[in-house]
Amino acid sequence: MVSVSLENLTKYFGRVKAVDNVNLKIEDGEFIALLGPSGCGKTTTLLMIAGIYKPTRGKIYFGDKVVNDLPPKDRNVGMVFQSYALYPHMKVFDNIAFPLKLRKEPKDFIKKKVKEVAELLKIEDLLDRKPSQLSGGQQQRVALGRALAKEPDVFLMDEPLANLDANLRVIMRVELKRLQKRLGISTIYVTHDQVEAMTMADRIAVLNKGRLQQVGDSKQLYDEPTNLFVASFIGSPPMNFVECTLREREDGTYLEAEAFKLKIGENIGRTIKENATSADLILGVRPEDVSVSKRKNLGTFEAEVYAVEPLGRDIIVNLKTDGTLIKMITKSTFKAEIGEKIPVEFDLNKIHIFDKKTENAIF
Ligand SMILES: Nc1ncnc2c1ncn2[C@@H]1O[C@H](COP(=O)(O)OP(=O)(O)O)[C@@H](O)[C@H]1O
Ligand SMILES: [Mg+2]
């Protein structure tokens, strides 16, 4: 078990900057998710940690030791990929035993270890089968077993659940999380699925275009996104965004959009003025912070019901106002006809304000 630190980690492929100056520390025993859209540099980062790719710049530490020049086999990492990459001609037993044989461990030890891992993953009955005789979920467990058998210091997983069907993915999410906590192995888990990252990881590192955007636990990322990218990537249904302008009027400070004028408190106004590069802003509000106004007030505006998406317990109401669509999530007891106009308001304590130019959160 070790901590892993990435220091100014950078990787070019020709002229493509796949990973751009990433600084991140994965604490001893921590489960961290690298989250971001396809092509943002997650796999490249993981493969540098594994020693398969050489960084163009920057350092990788295991504990306080720089491992840049250490070959993969000497890093003692366990890897699990989306594709499982099991050896098709080998039985499950031999697949799991393979890294131990490579290490020339004694036969008795290998037998004991494979048995132990198989018990842990509940695949004792499958040891004599070939991978082709296993379901996707079982193959997944075998791949995990092979990574665990060598008692890695660091566990690296690249979209390991992506090939499983939805039900199994939900089950494996929980199982993997329990397993990681039980074994206490520092784990770096790559995924493009925000739900996976949010539900499984202690902390999440959000990447976009090779750059680290924000590191935090689920609640921090959800409640205090540091920029427009994180705000739009985390949360489902996603946060609503409306372009607006900061206006000082005689009776106070307003956020004005085509659809509405929101009077904001002095404090918010001052913070925005101090931090924004101009009056052009983007207001962000999560669907659960949009509601039907009980009584008309200054922040109330009218919107037309455009579509409804019932989800069972909740319902997503798509509201149209001056060409902007806003999603509101509410209890499924909500009743409204398509085309009906309803008074809507935002919870002003929950809104987010972004600078339109820099895309950074300023409130
Ligand atoms: N071996 C490679 N050669 C050239 N470009 C690559 C290679 N691997 C990845 N890239 C590029 O680097 C960027 C990051 O890729 P990758 O790390 O695979 O992203 P992710 O895993 O987040 O989907 C992408 O633009 C991708 O096309
Ligand atoms: Mg990838």
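**Strand pairing, core and ligand shell**

Strands E16 (residues 301-310) and E17 (residues 314-321) are paired in the antiparallel sense over 6 bridges. Strands are DSSP runs of E of at least two residues and helices are runs of H or I of at least four, both numbered from the N terminus; two strands count as paired if DSSP finds at least two bridges between them. Within this pair, Glu 309 stands opposite Ile 316 in E17. The model is predicted, and local features need pLDDT of at least 70, side-chain atom pairs count only at pLDDT 80 or more, and totals for chains, interfaces and linings use all residues. Residues are numbered from 1 along each chain as its sequence is written, while chains are lettered from A and ligands numbered from 1 in the order in which they are written.

E16 and E17 belong to an open sheet of 5 strands, ordered E15-E19-E16-E17-E18 with antiparallel pairing. Strands E15 (290-292) and E18 (324-331) form the edges, each pairing on one side only.

The largest nonpolar core contains 93 residues, of which Ala 33, Leu 156, Ile 188, Ile 204 and Leu 283 touch the most other members. Such a core is a set of buried Ala, Val, Leu, Ile, Met, Phe, Trp, Tyr and Cys residues joined through C-beta atoms within 7 Å, where buried denotes 20 or more other C-beta atoms within 10 Å of the residue's own, with C-beta atoms placed from the backbone. Helix H4 (residues 136-149) gives the largest share of this core, 6 residues.

In the shell around ligand 1 (C-beta atom, placed from the backbone, within 6 Å), the largest share, 3 residues, comes from H1.

Notes: A residue is buried if 20 or more other C-beta atoms lie within 10 Å of its own, exposed if 12 or fewer, and partly exposed in between; C-beta atoms are placed from the backbone.
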